[in-house]
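Open the model in your viewer and keep the selection panel at hand.

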Amino acid sequence: MGTNTRATSDSANTDRLVTVTLDPNTITSINPDEVHEWRVAIYDLLEDNNFRPARVSATGPFALHISIIGNSIVLDVRNPDTFQPIAAHYLSLTPFRRLIRDYFRIRDAYYEAIRSAQPFQIETVDMARRGLHNEAAELLRSRLDNKLIIDLNTARRLFTLICAVQPYASRIDESTSMLPTVLFVCSMNAVRSPIAAALARKAFPGRIIARSVGVNGGKVDQFVHQVMEEVGIDMSVHTPHTLGELVASHFDLVICLSDDALEAVTRKDLEAGAIEHWDVPDPSLVEGNREVVLSAYRALRDMLSRRVRERLESLVSGGSQTR
């Protein structure tokens, strides 16, 4: 069952998050219990929050894209409809190390107390848990002062989410990593390229760096969420990115999944071991009832799954990127 990370917009309160997404390259896990933990943390944060970036003129509601780079967690605030960047802040995890360790220690003690302890013991552990959350929330608000404006309750829930995702960050430094890199590019980074990148990461976990971008920014596609959930991939954490946002300039392989992608990549003048153009259909253009459209999305997923595995096998095995 998929996780809906989009909350209902409240016209009376635009200072809030309505979408939270996670960077699949730096926050990774194949353990369903771990994935469930961060889904719950995202749901709780979206359910009740007060949030806005400081020193910008943009009005809410807002989307938050989270990644972990080195020893910092990146809080990337975006427009929830267009995913255009608004503000991004690096938050060092060093001041939170003790609190994160204590969070898991107290969490485990709380679960153990629920299973076997007397009510007064549960209350004692629960008081320690609340105290830890309050301390962490105050520190988080202090570290984000003049960057993000959040209330205490939102800070508590954001700290819980940081704890949920932080232990599972892959910690891959792309600037020094020897892993092969592949970039998938399509028109909007909403359907074809994110599906291909997600399938590549699933097929070769920890053996490849797979990214995706679009020529332009698209919107979240719920059909993508459904058909990818069917094969065990959570796409609710995907945020569309554009070619213009791309920081890395070198890839072992660039795969263009639309005609305009090939033209844009050529203009971008990326350093690439090889650039390929795959002629794949765009299921978002298919007309018909829901089952007809879903069938088109599933066909794309299955075709890309086979082709990605066949094409990247030699790349991750140390072979040439050229055919």
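Helices (H or I, at least four residues) and strands (E, at least two) are DSSP runs, numbered from the N terminus. This is a predicted model, in which local features need pLDDT of at least 70 and side-chain atom pairs count only at pLDDT 80 or more, while totals for chains, interfaces and linings use all residues. Residues are numbered from 1 along each chain as its sequence is written, and side-chain values use heavy atoms, with hydrogens and water left out.

**Stop 1: a strand residue**

Select Ser72, which lies in strand β4 (residues 72–78). Buried means under 20% relative accessible area, exposed over 50% and partly exposed in between (1.4 Å probe, protein chains only). Ser72 counts as buried because its relative accessibility is 17%. Now show its contacts (heavy atoms within 4.5 Å). Leaving out residues up to four places away in sequence, Ser72 touches Ser67, Tyr90, Leu91, Ser92 and Leu93.

**Stop 2: α1 and α4**

Next select helix α1 (residues 32–47) and helix α4 (residues 152–165), whose axes are 9 Å apart and pack at an angle of about 165°. Axes are lines fitted to C-alpha atoms, for helices over the stretch in contact, and angles run from 0 to 180 degrees between N-to-C directions. Angles under 35 degrees count as roughly parallel, over 145 as roughly antiparallel, 65 to 115 as roughly perpendicular and the rest as oblique. α1 and α4 are therefore roughly antiparallel to each other. On the α1 side, the contact residues are Glu37, Trp38, Ala41, Ile42, Asp44, Leu45 and Glu47; on the α4 side, they are Thr154, Arg157, Leu158, Thr160, Leu161, Ala164 and Val165.

**Stop 3: α8**

Move to α8, which has 27 residues and reaches 37 Å from its first C-alpha to its last. That is close to the 39 Å expected at 1.5 Å a residue, the expected span being 1.5 Å times one less than the number of residues. Colour its buried residues, among them Val293, Leu294, Ala296, Tyr297, Leu300 and Leu304. Which elements do the buried residues of α8 pack against? They pack against β7 (181–186), α5 (192–203), α6, β10 (253–256) and β12 (275–277).

**Stop 4: α6 against α8**

Phe223, Val224, Gln226, Val227 and Met228 of α6 make the contact with Arg290, Val293, Leu294, Tyr297, Arg298 and Arg301 of α8.
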